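Please examine the model shown below with care. The paragraphs after it lead through one part at a time.

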2 protein chains.
Amino acid sequence: MSDAGSLQALVQALRRLPGVGVKSAQRMAYHLLQHDRPGAQVLAQALQQACEHLGHCERCHTFSEQALCAICRDGERDATRLCVVETPADQAAMERTGAFSGLYFVLMGRLSPLDGVGPADIGMQQLLQRAADGVVQEVILATSFTAEGEATAHALSQALRRAGVRVTRLARGVPVGSELEYVDLGTIAHALADRR
Amino acid sequence: MSDAGSLQALVQALRRLPGVGVKSAQRMAYHLLQHDRPGAQVLAQALQQACEHLGHCERCHTFSEQALCAICRDGERDATRLCVVETPADQAAMERTGAFSGLYFVLMGRLSPLDGVGPADIGMQQLLQRAADGVVQEVILATSFTAEGEATAHALSQALRRAGVRVTRLARGVPVGSELEYVDLGTIAHALADRR
Ligand SMILES: [Zn+2]
Ligand SMILES: [Zn+2]
(Lines give C-alpha, C1' and ligand atoms only; values in the text may rest on other atoms or scores of the structure.)
(Ligands and ions follow the chains in the order given, each with its own letter.)
Protein backbone atom coordinates (compact mmCIF):
# COMPACT_ATOMS: atom_id res chain seq x y z
CA MET A 1 0.00 0.00 0.00
CA SER A 2 3.04 2.25 -0.40
CA ASP A 3 1.19 4.05 -3.19
CA ALA A 4 -1.74 4.78 -0.90
CA GLY A 5 0.14 6.77 1.74
CA SER A 6 -2.47 9.51 1.78
CA LEU A 7 -5.14 6.87 2.53
CA GLN A 8 -3.15 5.58 5.49
CA ALA A 9 -2.56 9.14 6.69
CA LEU A 10 -6.30 9.84 6.53
CA VAL A 11 -7.16 6.69 8.49
CA GLN A 12 -4.60 7.66 11.16
CA ALA A 13 -5.95 11.21 11.36
CA LEU A 14 -9.56 10.00 11.74
CA ARG A 15 -8.46 7.86 14.69
CA ARG A 16 -7.78 11.04 16.65
CA LEU A 17 -11.55 11.54 16.86
CA PRO A 18 -12.93 10.30 20.20
CA GLY A 19 -14.51 6.84 20.02
CA VAL A 20 -13.08 6.06 16.57
CA GLY A 21 -10.99 2.89 16.31
CA VAL A 22 -9.12 1.59 13.29
CA LYS A 23 -12.17 -0.19 11.82
CA SER A 24 -14.40 2.89 12.04
CA ALA A 25 -11.63 5.11 10.70
CA GLN A 26 -11.23 2.85 7.66
CA ARG A 27 -14.96 2.80 7.08
CA MET A 28 -15.09 6.61 7.32
CA ALA A 29 -12.16 7.07 4.95
CA TYR A 30 -13.59 4.65 2.37
CA HIS A 31 -17.00 6.27 2.59
CA LEU A 32 -15.69 9.79 2.07
CA LEU A 33 -13.31 8.85 -0.74
CA GLN A 34 -15.71 6.51 -2.51
CA HIS A 35 -19.07 8.21 -2.01
CA ASP A 36 -18.69 11.72 -0.60
CA ARG A 37 -15.60 13.64 -1.68
CA PRO A 38 -17.50 16.93 -1.41
CA GLY A 39 -18.18 15.94 2.21
CA ALA A 40 -14.46 15.41 2.78
CA GLN A 41 -13.74 18.89 1.40
CA VAL A 42 -16.48 20.44 3.54
CA LEU A 43 -15.10 18.74 6.64
CA ALA A 44 -11.52 19.82 5.90
CA GLN A 45 -12.64 23.40 5.53
CA ALA A 46 -14.89 23.34 8.61
CA LEU A 47 -11.98 22.04 10.73
CA GLN A 48 -9.70 24.81 9.49
CA GLN A 49 -12.31 27.54 9.92
CA ALA A 50 -13.16 26.38 13.45
CA CYS A 51 -9.49 26.23 14.51
CA GLU A 52 -8.90 29.67 13.06
CA HIS A 53 -11.95 31.51 14.35
CA LEU A 54 -13.10 29.82 17.57
CA GLY A 55 -11.67 30.94 20.88
CA HIS A 56 -13.27 31.04 24.32
CA CYS A 57 -15.57 33.70 25.74
CA GLU A 58 -13.65 35.68 28.37
CA ARG A 59 -16.55 35.62 30.82
CA CYS A 60 -18.22 32.21 30.50
CA HIS A 61 -15.54 30.12 28.73
CA THR A 62 -17.83 28.71 26.04
CA PHE A 63 -16.62 28.59 22.45
CA SER A 64 -16.95 31.99 20.83
CA GLU A 65 -15.68 33.78 17.74
CA GLN A 66 -15.57 37.04 19.69
CA ALA A 67 -14.06 38.07 23.04
CA LEU A 68 -17.54 37.89 24.61
CA CYS A 69 -20.17 35.41 23.46
CA ALA A 70 -23.68 36.49 22.41
CA ILE A 71 -25.24 35.58 25.76
CA CYS A 72 -22.58 37.42 27.82
CA ARG A 73 -22.98 40.48 25.57
CA ASP A 74 -26.77 40.49 26.01
CA GLY A 75 -27.63 43.32 28.46
CA GLU A 76 -31.16 41.92 28.94
CA ARG A 77 -29.97 38.82 30.82
CA ASP A 78 -30.26 38.62 34.61
CA ALA A 79 -26.65 38.97 35.78
CA THR A 80 -27.51 38.03 39.36
CA ARG A 81 -28.01 34.32 38.44
CA LEU A 82 -25.11 32.26 37.17
CA CYS A 83 -25.76 28.76 35.84
CA VAL A 84 -22.78 26.36 35.77
CA VAL A 85 -22.88 23.71 33.02
CA GLU A 86 -20.36 21.19 31.73
CA THR A 87 -20.51 21.79 27.97
CA PRO A 88 -21.85 24.16 25.32
CA ALA A 89 -24.37 21.39 24.47
CA ASP A 90 -25.70 21.46 28.06
CA GLN A 91 -25.90 25.24 27.86
CA ALA A 92 -27.85 24.98 24.60
CA ALA A 93 -30.26 22.49 26.22
CA MET A 94 -30.82 24.88 29.13
CA GLU A 95 -31.44 27.75 26.68
CA ARG A 96 -33.99 25.69 24.77
CA THR A 97 -36.10 25.32 27.92
CA GLY A 98 -36.63 29.09 27.91
CA ALA A 99 -36.80 28.80 31.72
CA PHE A 100 -33.52 30.56 32.53
CA SER A 101 -32.69 34.19 31.81
CA GLY A 102 -29.43 34.49 33.74
CA LEU A 103 -25.83 34.06 32.62
CA TYR A 104 -23.63 30.98 32.36
CA PHE A 105 -20.26 29.60 33.28
CA VAL A 106 -19.26 26.69 31.03
CA LEU A 107 -16.74 24.35 32.66
CA MET A 108 -15.81 22.78 29.29
CA GLY A 109 -15.51 19.46 31.10
CA ARG A 110 -15.96 18.01 34.57
CA LEU A 111 -13.65 16.83 37.32
CA SER A 112 -12.26 13.42 36.40
CA PRO A 113 -9.16 12.54 38.40
CA LEU A 114 -8.70 9.28 36.46
CA ASP A 115 -8.45 11.23 33.20
CA GLY A 116 -6.23 13.88 34.80
CA VAL A 117 -8.94 16.57 34.72
CA GLY A 118 -8.51 18.71 37.83
CA PRO A 119 -9.94 22.02 39.16
CA ALA A 120 -7.65 24.14 36.96
CA ASP A 121 -8.92 22.37 33.80
CA ILE A 122 -12.52 23.33 34.50
CA GLY A 123 -11.64 26.91 35.50
CA MET A 124 -12.66 26.63 39.15
CA GLN A 125 -10.58 29.69 40.14
CA GLN A 126 -12.18 31.82 37.40
CA LEU A 127 -15.62 30.66 38.53
CA LEU A 128 -14.86 31.65 42.14
CA GLN A 129 -13.71 35.12 40.98
CA ARG A 130 -16.73 35.47 38.75
CA ALA A 131 -19.16 34.46 41.51
CA ALA A 132 -17.55 36.95 43.92
CA ASP A 133 -17.95 39.95 41.57
CA GLY A 134 -20.63 41.51 43.79
CA VAL A 135 -23.34 41.14 41.12
CA VAL A 136 -23.93 37.37 41.18
CA GLN A 137 -26.37 36.44 43.96
CA GLU A 138 -26.93 32.77 43.18
CA VAL A 139 -24.88 30.09 41.47
CA ILE A 140 -27.01 27.24 40.06
CA LEU A 141 -25.04 24.04 39.59
CA ALA A 142 -26.37 22.25 36.50
CA THR A 143 -23.64 19.65 36.03
CA SER A 144 -24.72 16.12 35.01
CA PHE A 145 -26.34 13.75 37.47
CA THR A 146 -23.57 11.22 36.87
CA ALA A 147 -20.86 10.19 39.33
CA GLU A 148 -18.38 12.67 37.85
CA GLY A 149 -20.97 15.42 37.45
CA GLU A 150 -22.07 15.01 41.07
CA ALA A 151 -18.46 15.02 42.31
CA THR A 152 -17.85 18.20 40.32
CA ALA A 153 -20.99 19.84 41.77
CA HIS A 154 -19.90 18.81 45.27
CA ALA A 155 -16.41 20.30 44.89
CA LEU A 156 -17.69 23.53 43.34
CA SER A 157 -20.41 23.84 45.96
CA GLN A 158 -17.92 23.55 48.84
CA ALA A 159 -15.53 26.10 47.35
CA LEU A 160 -18.33 28.56 46.51
CA ARG A 161 -19.95 28.25 49.93
CA ARG A 162 -16.58 28.88 51.62
CA ALA A 163 -16.44 32.10 49.57
CA GLY A 164 -19.87 33.06 50.91
CA VAL A 165 -21.78 32.52 47.66
CA ARG A 166 -25.34 31.15 47.64
CA VAL A 167 -25.32 27.84 45.76
CA THR A 168 -28.25 25.77 44.46
CA ARG A 169 -28.43 22.55 42.47
CA LEU A 170 -30.96 21.43 39.83
CA ALA A 171 -33.55 19.16 41.44
CA ARG A 172 -33.21 15.41 40.93
CA GLY A 173 -36.46 13.63 40.27
CA VAL A 174 -38.75 11.68 38.02
CA PRO A 175 -38.61 12.95 34.40
CA VAL A 176 -41.77 14.70 33.28
CA GLY A 177 -44.00 12.30 31.33
CA SER A 178 -42.52 9.16 32.89
CA GLU A 179 -44.55 6.31 34.30
CA LEU A 180 -43.11 5.43 37.69
CA GLU A 181 -42.97 1.75 36.75
CA TYR A 182 -40.30 2.46 34.13
CA VAL A 183 -38.15 4.89 36.13
CA ASP A 184 -34.94 3.49 37.63
CA LEU A 185 -35.01 2.93 41.37
CA GLY A 186 -32.21 5.37 42.22
CA THR A 187 -34.14 8.17 40.55
CA ILE A 188 -37.32 7.28 42.47
CA ALA A 189 -35.39 7.16 45.75
CA HIS A 190 -33.88 10.61 45.10
CA ALA A 191 -37.28 12.02 44.05
CA LEU A 192 -38.69 10.75 47.32
CA ALA A 193 -35.85 12.23 49.39
CA ASP A 194 -36.06 15.59 47.55
CA ARG A 195 -39.88 15.74 47.72
CA ARG A 196 -41.40 19.13 48.43
CA MET B 1 -24.91 30.66 19.26
CA SER B 2 -24.82 33.06 16.30
CA ASP B 3 -21.24 33.89 17.25
CA ALA B 4 -20.25 30.24 17.08
CA GLY B 5 -21.20 29.63 13.45
CA SER B 6 -17.94 27.85 12.73
CA LEU B 7 -18.69 25.43 15.60
CA GLN B 8 -22.11 24.64 14.13
CA ALA B 9 -20.55 24.22 10.70
CA LEU B 10 -17.99 21.78 12.11
CA VAL B 11 -20.67 19.72 13.88
CA GLN B 12 -22.69 19.56 10.64
CA ALA B 13 -19.62 18.54 8.63
CA LEU B 14 -18.72 15.76 11.10
CA ARG B 15 -22.24 14.32 10.70
CA ARG B 16 -21.36 13.43 7.10
CA LEU B 17 -19.13 10.69 8.52
CA PRO B 18 -20.90 7.31 8.49
CA GLY B 19 -22.33 6.31 11.86
CA VAL B 20 -21.94 9.78 13.39
CA GLY B 21 -25.10 11.37 14.78
CA VAL B 22 -25.50 14.83 16.25
CA LYS B 23 -24.37 13.79 19.76
CA SER B 24 -21.18 12.13 18.52
CA ALA B 25 -20.47 15.02 16.17
CA GLN B 26 -20.73 17.49 19.07
CA ARG B 27 -18.48 15.34 21.23
CA MET B 28 -15.93 15.12 18.42
CA ALA B 29 -16.01 18.86 17.77
CA TYR B 30 -15.63 19.74 21.47
CA HIS B 31 -12.82 17.24 21.87
CA LEU B 32 -10.83 18.55 18.92
CA LEU B 33 -11.37 22.22 19.77
CA GLN B 34 -10.83 21.84 23.50
CA HIS B 35 -8.12 19.19 23.70
CA ASP B 36 -6.60 18.47 20.28
CA ARG B 37 -6.40 21.40 17.89
CA PRO B 38 -3.25 19.94 16.31
CA GLY B 39 -5.34 16.82 15.63
CA ALA B 40 -7.97 18.95 13.89
CA GLN B 41 -5.28 20.50 11.68
CA VAL B 42 -3.80 17.08 10.88
CA LEU B 43 -7.23 15.76 9.94
CA ALA B 44 -8.03 18.77 7.75
CA GLN B 45 -4.77 18.32 5.87
CA ALA B 46 -5.15 14.54 5.54
CA LEU B 47 -8.62 14.99 4.03
CA GLN B 48 -7.34 17.49 1.49
CA GLN B 49 -4.29 15.42 0.59
CA ALA B 50 -6.37 12.27 0.14
CA CYS B 51 -8.94 14.02 -2.06
CA GLU B 52 -6.19 15.53 -4.14
CA HIS B 53 -3.94 12.50 -4.60
CA LEU B 54 -6.08 9.37 -4.36
CA GLY B 55 -7.74 7.97 -7.44
CA HIS B 56 -8.54 4.40 -8.38
CA CYS B 57 -6.18 1.81 -9.86
CA GLU B 58 -7.16 1.27 -13.50
CA ARG B 59 -6.89 -2.52 -13.23
CA CYS B 60 -8.18 -3.47 -9.78
CA HIS B 61 -10.14 -0.37 -8.70
CA THR B 62 -8.53 -0.04 -5.27
CA PHE B 63 -7.47 3.39 -4.07
CA SER B 64 -4.15 4.39 -5.59
CA GLU B 65 -2.10 7.51 -6.04
CA GLN B 66 -0.89 6.22 -9.40
CA ALA B 67 -2.67 4.86 -12.49
CA LEU B 68 -1.72 1.31 -11.42
CA CYS B 69 -1.42 0.31 -7.76
CA ALA B 70 1.71 -1.35 -6.36
CA ILE B 71 0.26 -4.86 -6.55
CA CYS B 72 -0.94 -4.49 -10.15
CA ARG B 73 2.49 -3.08 -11.12
CA ASP B 74 4.29 -6.03 -9.49
CA GLY B 75 5.47 -8.35 -12.30
CA GLU B 76 6.17 -11.16 -9.80
CA ARG B 77 2.47 -11.73 -9.04
CA ASP B 78 0.59 -14.67 -10.55
CA ALA B 79 -1.68 -13.02 -13.12
CA THR B 80 -3.64 -16.22 -13.73
CA ARG B 81 -5.45 -15.96 -10.36
CA LEU B 82 -7.78 -13.05 -9.64
CA CYS B 83 -9.17 -12.60 -6.12
CA VAL B 84 -12.35 -10.52 -5.79
CA VAL B 85 -12.73 -8.64 -2.48
CA GLU B 86 -15.15 -6.01 -1.24
CA THR B 87 -12.80 -3.38 0.19
CA PRO B 88 -9.13 -2.35 0.37
CA ALA B 89 -9.25 -3.51 4.02
CA ASP B 90 -10.29 -7.02 2.92
CA GLN B 91 -7.49 -6.97 0.34
CA ALA B 92 -5.01 -5.96 3.04
CA ALA B 93 -6.23 -8.84 5.25
CA MET B 94 -5.74 -11.29 2.38
CA GLU B 95 -2.23 -9.92 1.75
CA ARG B 96 -1.32 -10.33 5.42
CA THR B 97 -2.02 -14.07 5.22
CA GLY B 98 0.84 -14.37 2.72
CA ALA B 99 -1.16 -17.25 1.19
CA PHE B 100 -2.12 -15.55 -2.08
CA SER B 101 0.27 -14.39 -4.78
CA GLY B 102 -2.24 -13.53 -7.51
CA LEU B 103 -3.90 -10.25 -8.41
CA TYR B 104 -7.06 -8.57 -7.12
CA PHE B 105 -10.27 -6.94 -8.18
CA VAL B 106 -11.65 -4.66 -5.47
CA LEU B 107 -15.41 -4.12 -5.75
CA MET B 108 -15.30 -1.05 -3.46
CA GLY B 109 -18.60 -2.21 -2.01
CA ARG B 110 -21.09 -5.05 -2.38
CA LEU B 111 -24.50 -5.45 -3.96
CA SER B 112 -27.10 -3.87 -1.69
CA PRO B 113 -30.39 -3.18 -3.50
CA LEU B 114 -31.86 -1.52 -0.39
CA ASP B 115 -29.04 1.04 -0.41
CA GLY B 116 -29.22 1.45 -4.18
CA VAL B 117 -25.90 -0.32 -4.82
CA GLY B 118 -26.22 -2.26 -8.07
CA PRO B 119 -23.88 -4.13 -10.44
CA ALA B 120 -22.56 -0.94 -12.04
CA ASP B 121 -21.50 0.44 -8.63
CA ILE B 122 -19.28 -2.56 -7.93
CA GLY B 123 -17.81 -2.60 -11.46
CA MET B 124 -19.28 -5.95 -12.50
CA GLN B 125 -18.78 -5.17 -16.21
CA GLN B 126 -15.11 -4.28 -15.69
CA LEU B 127 -14.62 -7.49 -13.71
CA LEU B 128 -16.15 -9.55 -16.54
CA GLN B 129 -13.84 -7.88 -19.08
CA ARG B 130 -10.87 -8.34 -16.80
CA ALA B 131 -11.64 -12.04 -16.21
CA ALA B 132 -11.97 -12.62 -19.97
CA ASP B 133 -8.56 -11.16 -20.83
CA GLY B 134 -7.17 -14.59 -21.73
CA VAL B 135 -4.64 -14.55 -18.87
CA VAL B 136 -6.92 -15.06 -15.86
CA GLN B 137 -7.64 -18.77 -15.34
CA GLU B 138 -9.47 -18.64 -12.00
CA VAL B 139 -11.52 -16.02 -10.21
CA ILE B 140 -11.62 -16.53 -6.43
CA LEU B 141 -14.63 -14.87 -4.81
CA ALA B 142 -13.62 -13.58 -1.38
CA THR B 143 -16.60 -11.38 -0.56
CA SER B 144 -17.92 -11.45 3.03
CA PHE B 145 -19.89 -14.39 4.38
CA THR B 146 -22.78 -12.07 5.18
CA ALA B 147 -26.16 -11.98 3.42
CA GLU B 148 -25.07 -9.15 1.12
CA GLY B 149 -21.61 -10.62 0.56
CA GLU B 150 -23.12 -14.01 -0.34
CA ALA B 151 -25.65 -12.41 -2.70
CA THR B 152 -22.81 -10.49 -4.36
CA ALA B 153 -20.75 -13.69 -4.74
CA HIS B 154 -23.78 -15.47 -6.20
CA ALA B 155 -24.45 -12.76 -8.80
CA LEU B 156 -20.78 -12.50 -9.80
CA SER B 157 -20.43 -16.26 -9.96
CA GLN B 158 -23.39 -16.61 -12.33
CA ALA B 159 -22.18 -13.85 -14.65
CA LEU B 160 -18.60 -15.14 -14.68
CA ARG B 161 -19.64 -18.75 -15.33
CA ARG B 162 -21.86 -17.62 -18.20
CA ALA B 163 -18.72 -16.01 -19.64
CA GLY B 164 -16.90 -19.33 -19.34
CA VAL B 165 -14.62 -18.30 -16.46
CA ARG B 166 -13.64 -20.78 -13.72
CA VAL B 167 -14.97 -19.46 -10.39
CA THR B 168 -14.17 -20.58 -6.87
CA ARG B 169 -15.28 -19.31 -3.45
CA LEU B 170 -13.36 -19.18 -0.16
CA ALA B 171 -14.31 -22.16 1.99
CA ARG B 172 -16.79 -21.62 4.80
CA GLY B 173 -15.90 -23.43 7.99
CA VAL B 174 -14.86 -23.44 11.61
CA PRO B 175 -12.30 -20.70 12.36
CA VAL B 176 -8.82 -22.04 13.13
CA GLY B 177 -8.30 -22.22 16.91
CA SER B 178 -12.01 -22.41 17.74
CA GLU B 179 -13.56 -24.92 20.12
CA LEU B 180 -16.61 -26.38 18.41
CA GLU B 181 -18.75 -25.71 21.48
CA TYR B 182 -18.40 -21.95 20.97
CA VAL B 183 -18.88 -21.84 17.19
CA ASP B 184 -22.30 -20.75 15.92
CA LEU B 185 -24.48 -23.50 14.56
CA GLY B 186 -24.76 -22.12 11.02
CA THR B 187 -20.98 -22.18 10.72
CA ILE B 188 -20.82 -25.78 11.95
CA ALA B 189 -23.55 -26.81 9.52
CA HIS B 190 -21.69 -25.20 6.63
CA ALA B 191 -18.40 -26.75 7.70
CA LEU B 192 -20.10 -30.14 7.72
CA ALA B 193 -21.63 -29.62 4.29
CA ASP B 194 -18.33 -28.36 2.84
CA ARG B 195 -16.26 -31.14 4.47
CA ARG B 196 -13.48 -32.59 2.35
ZN1 LIG C 1 -19.85 34.08 27.34
ZN1 LIG D 1 -4.43 -2.29 -8.83
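Helix α7 (residues 147-162) of chain B lies across β3, β5 (138-141) and β6 of chain B, and its direction makes an angle of about 165° with β6(B). Such angles run from 0 to 180 degrees between N-to-C directions, with axes being lines fitted to C-alpha atoms, for helices over the stretch in contact; contact means heavy atoms within 4.5 Å. Helices (H or I, at least four residues) and strands (E, at least two) are DSSP runs, numbered from the N terminus. Helix α5 (residues 88-97) of chain B lies across β3 and β4 of chain B, running at about 160° to β4(B).

This is a predicted model, in which local features need pLDDT of at least 70 and side-chain atom pairs count only at pLDDT 80 or more, while totals for chains, interfaces and linings use all residues; side-chain values use heavy atoms, with hydrogens and water left out. Residues are numbered from 1 along each chain as its sequence is written, and chains are lettered from A and ligands numbered from 1 in the order in which they are written.

In which order do the four strands of the open sheet in chain B stand? The order is β4-β3-β5-β6, with parallel pairing. Two strands pair if DSSP finds at least two bridges between them. The edge strands, β4 (102-106) and β6 (167-169) of chain B, each pair on one side only. From one strand to the next, the twist averages 30°. Strand β3 (residues 78-85) of chain B is joined to β4(B) by five bridges, and B:D78 has B:G102 as its bridge partner in β4(B).

The loop between β3 and α5 of chain B holds B:E86. This residue counts as buried because its relative accessibility is 4%, where buried means under 20% relative accessible area, exposed over 50% and partly exposed in between (1.4 Å probe, protein chains only). Beyond its neighbours within four places in sequence, B:E86 is in contact with several residues, among them B:V106, B:R110, B:T143 and B:G149.

B:C60 lies in the loop between β1 (55-56) and β2 (63-64) of chain B and B:C72 in helix α4 (residues 70-73) of chain B, so the pair ties together parts that are 12 residues apart in sequence.
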